[in-house]
Amino acid sequence: SEEWRDFAAAAGEVLALFDTELHAMLTNIMVNGPSGAATMASGQPLSRPRKTVWDFAATSDAVQASGEEVGPLVLPLVQRLFGGVLASFEATCYALDLLFNHGFDVLPHLCAAYLICLKSTLITALSSASSTTALERTLNLTVGTVTKEAFRRGVEVHIMPRVRARREAERAKRPPSA
């Protein structure tokens with residue numbers, strides 16, 4: 001749908017804005033990566049994940065055909081609103097508090113922040129030549145590893161300054177109340 005394409009594009013733009021290296025690697029894997037064996041950049045096979053959240057084969061044709069490479073990466077986060085993906089219930093509540101306090105237009109930013117929190121794991125395990133299967137397996141291995149503190153740091157460093165600036169600009173445009 002057009003809404004999903006716009007959302008995926010926004011998430012991709014935010015990720016590219018705050019981490020061009022990670023965005024380039026993930027986009028390259030999604031566009032050019034074969035769907036071969038799930039091996040790490042070192043060639044070692046990846047272990048089996050505890051929980052399957054990412055499943056690119058089951059991702060709807062609409063998401064795959066949206067033309068937004070980041071779409072399949074953020075779809076599980078949107079579907080679950082981070083529930084069962086972050087390390088704790090408190091971390092999920094933090095994400096939901098941000099959504100309720102700042103509006104759902106902050107959701108692409110939160111998705112990008114989540115991926116940025118995984119950067120060191122993704123860079124270590126994958127290369128731009130990795131398969132989409134390896135990316136999927138690596139993402140599934142990271143389920144439950146992003147703590148509230150790590151997610152909060154990622155949001156505060158990468159996302160909230162921009163959100164706060166946008167809110168201030170909106171307030172400045174409003175006429176003073178009587």
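Q: What separates Glu-170 and Arg-166 in helix H9?
A: Glu-170 and Arg-166 are 4 residues apart in helix H9, so about one helical turn lies between them. Helices (H or I, at least four residues) and strands (E, at least two) are DSSP runs, numbered from the N terminus.

Q: What kind of model is this, and how are residues numbered?
A: This is a predicted model, in which local features need pLDDT of at least 70 and side-chain atom pairs count only at pLDDT 80 or more, while totals for chains, interfaces and linings use all residues. Residues are numbered from 1 along each chain as its sequence is written, and side-chain values use heavy atoms, with hydrogens and water left out.

Q: Back to that pair: what do Glu-170 and Arg-166 form, and how far apart are the closest N and O atoms?
A: They form a salt bridge, with the closest N and O atoms 4.0 Å apart. The term denotes a side-chain nitrogen of Lys or Arg within 4 Å of a carboxyl oxygen of Asp or Glu.

Q: How many salt bridges does the structure hold?
A: The structure holds 8 salt bridges. One of them joins the side chains of Lys-119 and Asp-19 (3.1 Å, N to O). Lys-119 lies in helix H7 (residues 119–125) and Asp-19 in the loop between helix H1 (2–18) and helix H2 (20–32), so the pair ties together parts that are 100 residues apart in sequence. Lys-119 is partly exposed, at 22% relative accessibility, whereas Asp-19 is buried, at 8%.

Q: Changing topic: how many helices and strands are there?
A: The protein chain has 9 helices and 0 strands. Of its 178 residues, 44% count as buried.

Q: What about the largest nonpolar core: how many residues does it have?
A: It has 50 residues, and those with the most contacts inside it are Phe-82, Tyr-114, Leu-135 and Phe-151. Such a core is a set of buried Ala, Val, Leu, Ile, Met, Phe, Trp, Tyr and Cys residues joined through side-chain atoms within 4.5 Å.

Q: Which element supplies the largest share of this core?
A: Helix H6 does, with 8 residues. In H6 (residues 107–117), 10 of the 11 residues are buried; among them are Leu-107, Leu-110, Cys-111 and Tyr-114.

Q: And which residues does Phe-82 contact?
A: Leaving aside neighbours within four places in sequence, Phe-82 is in contact with Leu-77, Thr-92, Ala-95, Leu-107, Leu-110, Cys-111, Tyr-114 and Phe-151. Contact means heavy atoms within 4.5 Å.

Q: How many aromatic pairs does a search of the whole structure find?
A: The search finds 6. Rings of Phe, Tyr and Trp (its six-membered ring) pair if their centres lie within 6.5 Å; planes under 30 degrees apart count as stacked, over 60 as edge-to-face and the rest as tilted. The rings of Phe-100 and Phe-104 have centres 6.3 Å apart and planes at 80°, so this pair is edge-to-face. Phe-100 is exposed, at 59% relative accessible area, and Phe-104 is partly exposed, at 46%.

Q: Which residues form the aromatic cluster?
A: Trp-54, Phe-82, Tyr-94, Tyr-114 and Phe-151 form one aromatic cluster.

Q: Finally, what pLDDT does the chain average?
A: The average is 84, and 85% of the residues score at least 70. This score is the predictor's confidence in each residue, from 0 to 100. Over residues 37–41 the pLDDT is below 50; beyond near neighbours in sequence, that stretch has 18 contacts in the model.

Terms used: Buried means under 20% relative accessible area, exposed over 50%, partly exposed in between (1.4 Å probe, protein chains only).
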